[in-house]
Amino acid sequence: MNGRLGGLLGREPRVVAVGAPALAEALEQQAVAVQPVDWRPPPAEAVDALNAVLGDPRHATANATAVGRMLAARPRLVDVRPAGEVLGLEPGLFLHAGPPLEWDRASGPMRGALIGAMLLEGLAASPEEAERSLAAGTARLDSCHHHAAVGPMAGVVSPSMWMFVIEDTENGAARRSYCSLNEGLGKVLRYGAYGPEVIERLRWMGAVLGPVLRDAVRRHGPVDLTAITAQALQMGDELHNRNRAATSLLVRELAGDIVLAGAPPDRLAEVLRFVHGNDHFYLNLAMAAAKVSADAARGVPGSSLVVAMARNGTDFGIQVSGTGDRWFTGPAGTPDGLYLGSYGPADANPDIGDSTIMETAGLGGFAMAAAPAIVRFVGGEVPDALAATRRMREITLAEHPVFQVPILSFRGTPTGVDVTRVVRTGILPVINTGMAGRVAGTGQVGAGLVEPPAQVFTAALHALATQAR
Amino acid sequence: MTAVMREPVSLPTRQRPRPPLAGAARSAASVIPGAARTAGPDIPGAAGVSLRDLLDPPRTPGRVIAAFPAALYLEMRTAAEPRVLAVVCSDAVRLPNSVVIAAGSRDRPLRSIHEGEEAWAGDGLVEVGALRVRVRRWWDPSPTLGPVALARLTHGVRELEAALADARFGLAGHPDPHLLAGRCADGDLAGAVEAAERIVGLGPGLTPSGDDVLAALLVALRALGGSVQHGRTALWLADWLGAAVTADAETRTTTLAATLLHCAADGQASAEVIAVLRGIAGLEPLAPALRRLLAAGHTSGADLAFGLLAGCRAVLTLSLTALKGHRASA
Amino acid sequence: MNSWVEVRSGAYRDSVTLMRVSRTLAERDGVTAAMVAMATELNLDLLTQQGFAVPAGAGPNDLVVAIRGVGEAAVDGARRALDGLLAEVPAPAAPGIAETEPPRTAGAAARRLGEPGGLALVSVPGRYAFVEAMDALTAGLNVMVFSDNVPLHQEVALKEAAGRRGLIVMGPDCGTAVIGGVGLGFANAVRPGPVSLVAASGTGAQQMMCLLDTAGVGVRHVLGVGGRDLSAEVSGRSTLAALAALDADPATELIAVVTKPPAPRVADLVHSAARRLDTPVRFAMLGEDSADLTASTEEVLTTLGRAAPRWPSWPADRRTARPRPGALRGLFAGGTLCAEAALVARRVLGPAFGSGGHRLIDFGDDGYTRGRAHPLIDPTLRLERLAAEAADPACAVLLLDVVLGYGAEPDPAALLAPAVESALERRDDLRIVVSLCGTPADPQDRDRQAAALRAAGADVFVSNAAAARYAAGLARNGGGR
């Protein structure tokens, strides 16, 4: 087919027209169907950088390689173990969500979660002591993402917390990722609550839930999370704000092995009731699965694919395949949505959590069309959900071959955010999220949609431009 | 070369008020007929050249024999083929007797037209109800394939066979299409005509399955027969088989199918069929072209593909036979 | 057992509907057989074989309905259901489910086309053109860059990227192309035919395709390559790609390359590539010593074994006073037409062309288009200049081009004819010559435009070279030849 211009000369041309409408009109005068483009100029200061990045001969293939790896990943749940063991966390080191952060800049819920973790690890006897100690810099903080881990909301991980261990073997050597076990809703550590009931629940999770799940998973063998996620999408989950179907599918899958795990029946019942009471139980698995997929796409020189989006309650940060481990950060926005009870916008903390790894991998807000049941929860109607998923096609590199949306004729979810397309169109990734209370210890105050700050994409674009060939 | 566009200039809109004219130029200057009506109802259309005899002469009357969201079929009151003219949206199957308009069926540009309405065609215009389609462009529904090597054709036949393995044909289980294919490959004209006559008009719908098979067979014989070495027998078969099935098609099948058989006998086919022939000739990727063809109509796409395969096999067998004879006598 | 057979005239339905209706009827309680089909001979045979009594007079354009069932009620019920089933119209996609928002980038639009090998027509301002063009190439589309002001290194980068993907970039600054009979940018409505053009010059290509159409020889494709393609820096990348692609196109029987003289090294490259093709290639290179475009077209016709016609011209309806020798002033919208006219005029006028106040202006040139649209679209500037030149007593002959086709002004004579007429009313010794580049099928209709211009007093020529020769002759000799 070489030299044949892709078949251009053999049939009536199929034309995309971008620019002067008069030229498209001239085609319509000839009865030619034209696909018009609603083109708008990119920001003036980005033009040179866009030219440099798109002009890099590596760019197109690098993006194809990177997103290809993201799509090829087949994450499996292989184990459940304490963070101290699997991540080699030493006492006094705490992981947190989002880009790196210091105590001084940490928001209320992040501080609350760190205080709770200090109490859980026995490093402080009271919240006041924990806070003094953290402010004095006795604990070390680091980003989950630097340890192949992700955590929802505050995302605080301490050595005695149990972690899901996810593995992908489809992209060369086996790659693993980790996420803590979901605590449920209400007053929970990830929303910055650290009261006695929070610490008590975490202790129970370490003593009962973690070991039972460990034994069950080891008995069962690796659990194919791609299959569960794909089915859940067709059952109304978008895997960020709705995980009800996926959670149920996971329990069905593991039920036999949970029963045979060997724990006393009352303990098994506790475990099953706990999971039943928590529609978001699967979220943490989905996040780790998304993380291992996104990590597979890291480090492709010239690629403008986003491999991480994460918030720490103060900053929103992204990492890009072609720029290594560098973070591009801007101020975290406040989500727009609905509030629980009497809470209102003044109670909401700026955006927080690693759960945007779901949108990074083409789920969550990007799969909104699959989850009409929750569109009102995030302040919209069904057509808005369809429009949101479609709009994300404008800024992504591919459609997922396995994650399909029935109402969009089983087309795949838009996957792989491209920095250059975000800057060109000004369309920002749509993110579904929960809202944490501004004051430490409040817990969840609502849920809704949030957008990343546009400047993080512009900054990443300029970084790519400086290393373009 | 001079600059064609400067930035940031917005191009002027099409309707510009004209200054009043003076003197002798007044009568001649406004030279576009109906120019005052630039926003008028004429829709541009692109017509297959098979419709020239219908659209170039003065208007003839006719009526709408079928109206679908993506296509209208008009039967014109004329003695000679083509008698049926299709007005189709850009996303519809493009039959060789089509006038294509740029709008897609989703915009429902044909929604005001109903079965049985009066229609006119001629003077470069098709008129039905409020719809006026002006022919702005002609396209050629006959494939030009250039030389095709027999090895290439062999390869194409295999790909076609593989792709059709699970296709659902309108005449599945019916023996005559297979009989027709075999007799064509044998170069048995009389036998082929006999089998062909048994499937003209066979099957439900506007274009019965039997006619789809025949039309694609005829086009493949003509296009590939003219492109391979030793394709003369295939062309001869196309000539006589075409003449036989078109002779009384008007009485044996639907008017639309009869027109399409006439087009096929002249080597004209739908754009979807042409794309597959181009794919077989190696001019474009075959797989996507086949997918588009098989998606056409209910079983129509599969029936057309069946006819194409039969035609390709016949051309291949007849050429190889002629080649052997040629070598033996050399 | 009860049977019902009915023939409905002129009730066409597609096969999907008919098969679905037949099946739905057959599945009804008490119905043992049902067939709804067009009454072709063979379908009627099938009915007969199934034991139905087929009514006489049913033809292939009629719908035949045959139902058999146990008891009258079953058959009647099926008959009543039939009307509803036939009336069902496939519902259009519900609003909200159908795609509504247009794509925002060339790449996103390309993905909506659903298959590669199409064409992106890029006409955004030049500084943004590279990104859209590259995006389209990455998505598998060929690209025509109508925009100008695209830096040379970006042109090379685009053409290299296209080469890696087996695609072509036409342009930047490509004003004219025709693909399979579809005109892109400024293009004339020409009949389909065996000649394809590779053009580094837009109006040069328009002149040739109009002459070919006039000669009764149609045009297959016109691939523009942009004015800089044959420079040393770009090295004919698109010209070479176009030649290879046209050689592989079975419907192209002859290729003509329309260009100004290329850089010498590039000329060798292109000529040797042309020699390697199976398709004959003719070069129309508009240089000091080369043939004009009309002569080149005639050479193409000869190669095809066709005789060159008498190129149409329309002498002015009214003659004013006898013209006198004087200055030739050319006011052009087409750059290549202007260059060709200058070459022809120089040949007629000799060394005097440089001195005698003769002047040819290209209004498409950068100096005249900054901040306004091209004169092919907006004639204001040129009309003002026409009045000014006509008022200059030194000016004896005015030579103008009028370029028709898609993308151009919808009715150029509407403004030009009155301007010509009023200039001639004031100056009875002035002559106005028009080179009319167009075809009868153009939206503006060449012949009607010609009639209006001749009625206003202009001499009109289809061949630009002929127009220039005539105008230069008038400038040299006045009315005496």
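**Exercise 1.** In this predicted model, state which residues of α6(B) meet which residues of α9(B), and classify how the two helices are oriented.

Solution. 
- Step 1. From α6(B), the residues are B:Asp211, B:Leu214, B:Ala215, B:Leu218 and B:Val219; from α9(B), they are B:Ala257, B:Leu260, B:Leu261, B:Ala264 and B:Ala265.
- Step 2. Sorted by class, this contact has nine nonpolar residues, no polar ones and one charged.
- Step 3. α9 of chain B covers residues 255-265, and its axis comes within 8 Å of that of α6(B), crossing at roughly 15°.
- Step 4. Angles under 35 degrees count as roughly parallel, and α6(B) and α9(B) are therefore roughly parallel to each other.
- Step 5. The crossing in which α6(B) passes α9(B) is left-handed.

**Exercise 2.** Work out how α6(B) is oriented against α7(B), and list the residues that make the contact.

Solution. 
- Step 1. Helix α6 of chain B spans residues 209-225 and helix α7 of chain B spans residues 232-247; the packing angle is about 150° and the axes are 8 Å apart.
- Step 2. An angle over 145 degrees counts as roughly antiparallel, so α6(B) and α7(B) are roughly antiparallel to each other.
- Step 3. α6(B) passes α7(B) in a left-handed crossing.
- Step 4. On the side of α6(B), the contact is made by B:Leu214, B:Leu218, B:Leu221, B:Arg222, B:Leu224 and B:Gly225. On the side of α7(B), it is made by B:Ala234, B:Leu235, B:Leu237, B:Ala238, B:Leu241, B:Gly242 and B:Val245.
- Step 5. The classes are 10 nonpolar, two polar and one charged.

**Exercise 3.** Find the buried residues of α1(A) and say what covers them.

Solution. 
- Step 1. Within α1 of chain A (residues 21-28), the buried residues are A:Leu23, A:Ala24, A:Ala26 and A:Leu27.
- Step 2. Viewed down the axis of α1(A), these residues fall within an arc of 155°, so they line one face of the helix.
- Step 3. The cover includes β1 (15-19) and β2 (34-36) of chain A, and also β4 (119-123) and β8 (182-185) of chain C.

**Exercise 4.** Is C:Asp148 buried or exposed?

Solution. 
- Step 1. C:Asp148 sits in the loop between β5 (142-145) and α6 (152-165) of chain C.
- Step 2. The cut-off for a buried residue is 20 or more other C-beta atoms within 10 Å. C:Asp148 has 25 C-beta neighbours inside 10 Å, so C:Asp148 counts as buried.
- Step 3. C:Pro172 is 24 residues away along the chain, with 5.8 Å between its C-alpha atom and that of C:Asp148.

**Exercise 5.** Describe the side of chain B that touches chain A.

Solution. 
- Step 1. The contact involves 18 residues of chain B and 14 residues of chain A.
- Step 2. In chain B, β1 (42-48), β5 (98-101), β8 (131-139) and α10 (271-280) each supply at least two residues of this side.
- Step 3. This side of chain B divides into 11 nonpolar, three polar and four charged residues.

Definitions and conventions: Residues numbered from 1 in each chain as written. Chains lettered and ligands numbered in written order. Predicted model: local features only at pLDDT ≥ 70, side-chain atom pairs only at ≥ 80, totals over all residues. Axes fitted to C-alpha atoms, helices over the stretch in contact; angles between N-to-C directions. Helix = DSSP H or I, 4+ residues; strand = E, 2+ residues; numbered from the N terminus. Parallel < 35°, antiparallel > 145°, perpendicular 65-115°, else oblique. Left-handed = near helix turned anticlockwise from the far one by under 90°. Contact = placed C-beta atoms within 7 Å. Nonpolar A, V, L, I, M, F, W, Y, C, P; charged D, E, K, R; others polar. Buried ≥ 20, exposed ≤ 12 C-beta atoms within 10 Å, placed from the backbone. Arc of directions from axis to C-beta.
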